[in-house]
Amino acid sequence: MNREQARALLEVATLKQPDDFDSDMQDALKFAANDPELLSWYEKRKSFDRMVSSAITEVPVPVDFRSKLVHAMRQSSPRRTNTTWRWLAAAAVIALLAGVTAMWSLRDNGGHWEDEALTLVNEVDGGRMPLDHWDGNRSAIQSWLAERKSPAPNSLPQGMSVLASLGCKIVKVAGHPASIMCFGMPGSNEEAHLVVVDIPNASASAPVFHSKNGWNMVTWNENGHSLMLATRADTAELRKLMA
């Protein structure tokens, strides 16, 4: 198997779980494990495809879409019906592209970077995106990131001192260098993930709490960084970490 063959197999496996891979896909994955460039492409493609898949489910369908569709089918001749279907298909594609474009058109100060960051957190938390570095020492993790010119927080809230350090992942969010630091929550099997995004023009801001898709999050800025701490633990536990 060569790189192009492995790439072709992995390209159709981005939305599959490893347990669902056939033998050829398994071989392609093993090939990629020894090819850093191919593995990097595969991880980025998986992330993109899952974001597109998520965007599809989030594109709203107009409440009167079905009634208009039925009316168009009843009123149109066979020839016009084909034209109608083409227009409807085109409208659906435009709506889908609008959803995907909205997801990728992130703004530094608009909060949209959080969607991309949360998608990456979800991949890391689910084990679909392996960590780059494992370490139980927070200072060592920050040093490891600094050595690789990847962003790390200038300081952390005192409440986060109770978290057990696990490791980190170097990523990009909204085209900016970013990192994800992973921690174990005390007294539970839940984890907390801190996303740090390098935003040179970011100025310090107060934390903002919100929830989405089963995740409780808090976002804030420090000079030069935007940060998001996300966990599936309840909001009360999250607020304790920010004390």
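**A close look at helix α6**

Modeller: The residue that follows α6 is glycine 127, whose phi is positive, near 80°. Before turning to the helix itself, some conventions are needed. This is a predicted model, in which local features need pLDDT of at least 70, side-chain atom pairs count only at pLDDT 80 or more, and totals for chains, interfaces and linings use all residues. Residues are numbered from 1 along each chain as its sequence is written, and side-chain values use heavy atoms, with hydrogens and water left out.

Helices (H or I, at least four residues) and strands (E, at least two) are DSSP runs, numbered from the N terminus. The protein has eight helices and seven strands.

Buried means under 20% relative accessible area, exposed over 50%, and partly exposed in between (1.4 Å probe, protein chains only). Among the buried residues of α6 are Trp113, Leu118, Leu120, Val121 and Val124; Glu114, Glu116 and Glu123 are also buried. In the protein, buried residues make up 39% of the 243 residues.

Contacts (heavy atoms within 4.5 Å) complete the context: of those in the protein with a separation of 6 or more, 56% involve residues 24 or more positions apart.
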